Amino acid sequence: MSTLYSTKVTAVGGRSGTIRSEDGLLDLQLALPTALGGKGGATNPEQLFAAGYAACFENAVIHVTRGKAEKVKDDDIVVVAEVGMSPNGQGGFALSVALDVTITGLDQVTAEAIVAAAHEVCPYSNAVKGNIDVVITVTAD
């Protein structure tokens, strides 16, 4: 299998450091969230993961509708990703994900079928399958 795309991001300083992509387009300060005892004021890995998953999942929905009568426009789909972190009971931590998907212009049954198919093709969904609990809510608007 050939790689379609790859990127590199360098992190220095952990949760209170910086991240920078090799092309310089991503160049951010990080901060431990106040909910975890940090000072906040900058983004954190969970926000970045939620942003990536939401955008990727939305594109998977678009991908699934290509070639079908139920095509949807980019602006007809809204994906809100919530990433949670909790203790895993073994001294480490686990992530959870909730995806709230709203699709305008489709009936509920069709929207649910498209989202289920998108969950099968989305690279983020495939990466976390069996490792992270993912709950998906679908709303046809």
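Is R15 buried, partly exposed or exposed? With a relative accessible area of 28%, R15 counts as partly exposed.

## Overall architecture

The model shown here is predicted. The protein chain contains three helices and six strands. Read from the N terminus, the order of these elements is β-β-β-α-β-β-α-α-β. The C-alpha trace of the protein chain spans about 50 × 35 × 30 Å along its principal axes.

The protein chain has 141 residues, and 31% of them count as buried. A residue counts as buried because its relative accessible area is under 20%, whereas an exposed residue has over 50% and a partly exposed one lies in between. These cut-offs are used in the sections that follow.

## Salt bridges

How many salt bridges does a search of the whole structure find? The search finds three. One of them joins R15 and E46, whose closest N and O atoms are 2.5 Å apart. R15 belongs to the loop between β1 (9-12) and β2, while E46 belongs to helix α1, so this pair ties together parts that are 31 residues apart in sequence. The two partners can also be described by their accessibility: R15 is partly exposed at 28%, and E46 is buried because its relative accessibility is 13%.

A salt bridge also links the side chains of D27 and R20, with a distance of 3.5 Å from N to O. D27 has a relative accessibility of 47% and is therefore partly exposed. R20 likewise counts as partly exposed, at 42%. A further salt bridge is formed by E120 and K129, with 3.6 Å between the closest N and O atoms. K129 is partly exposed, since its relative accessible area is 44%.

## Cysteines

The number of disulfides in this model is zero. C56 takes part in no disulfide, and the nearest cysteine sulfur, which belongs to C122, is 3.8 Å away.

## The largest pocket

The largest pocket holds about 450 Å³ of space. Its lining consists of 14 residues, and T7, V9, L26, L48 and Y124 are the ones that lie nearest the centre of the pocket.

Which elements each supply at least two residues of the lining of the largest pocket? They are β2 (18-21), α1 (45-65) and α3 (123-128). Helix α1 provides the largest share of the lining, namely four residues.

## A nonpolar surface patch

L36, M85 and F93 form a nonpolar patch on the surface of the model. Together, these residues have about 300 Å² of accessible area. M85 is located in strand β4, which covers residues 77-87. The relative accessibility of M85 is 31%, so M85 counts as partly exposed.

## Distances in sequence and in space

H63 is part of helix α1, and H63 is partly exposed, with a relative accessible area of 45%. H63 and I114 are 51 residues apart in sequence, and their C-alpha atoms are 9.7 Å apart in space.

V72 is buried, because its relative accessible area is 10%. V72 is 34 residues from L106 in sequence, with a distance of 8.3 Å from C-alpha to C-alpha. K68, by contrast, is partly exposed, with a relative accessible area of 41%. K68 and S96 are 28 residues apart in sequence and 32 Å apart in space, C-alpha to C-alpha.

Notes. Residues are numbered from 1 along each chain as its sequence is written. This is a predicted model: local features need pLDDT of at least 70, side-chain atom pairs count only at pLDDT 80 or more; totals for chains, interfaces and linings use all residues. Side-chain values use heavy atoms; hydrogens and water are left out. Patches are made of residues with over 30% relative accessible area and no salt bridge: like charges are joined within 9 Å, nonpolar side chains (Val, Leu, Ile, Met, Phe, Trp, Tyr) within 5 Å. Accessible areas come from the Shrake-Rupley method with a 1.4 Å probe; for residues, only the protein chains shown count as cover. A salt bridge is a side-chain nitrogen of Lys or Arg within 4 Å of a carboxyl oxygen of Asp or Glu. Buried means under 20% relative accessible area, exposed over 50%, partly exposed in between (1.4 Å probe, protein chains only). A disulfide is a pair of cysteine sulfur atoms within 2.5 Å. On a 1 Å grid over the protein atoms alone, a cavity is a set of points where a 1.4 Å probe fits but cannot get out, and a pocket is an open set with protein on both sides within 12 Å along at least five of seven lines; lining residues have an atom within 4 Å of a point. Grid points are joined across faces, edges and corners, and a volume is the space filled by probe spheres set on the points.
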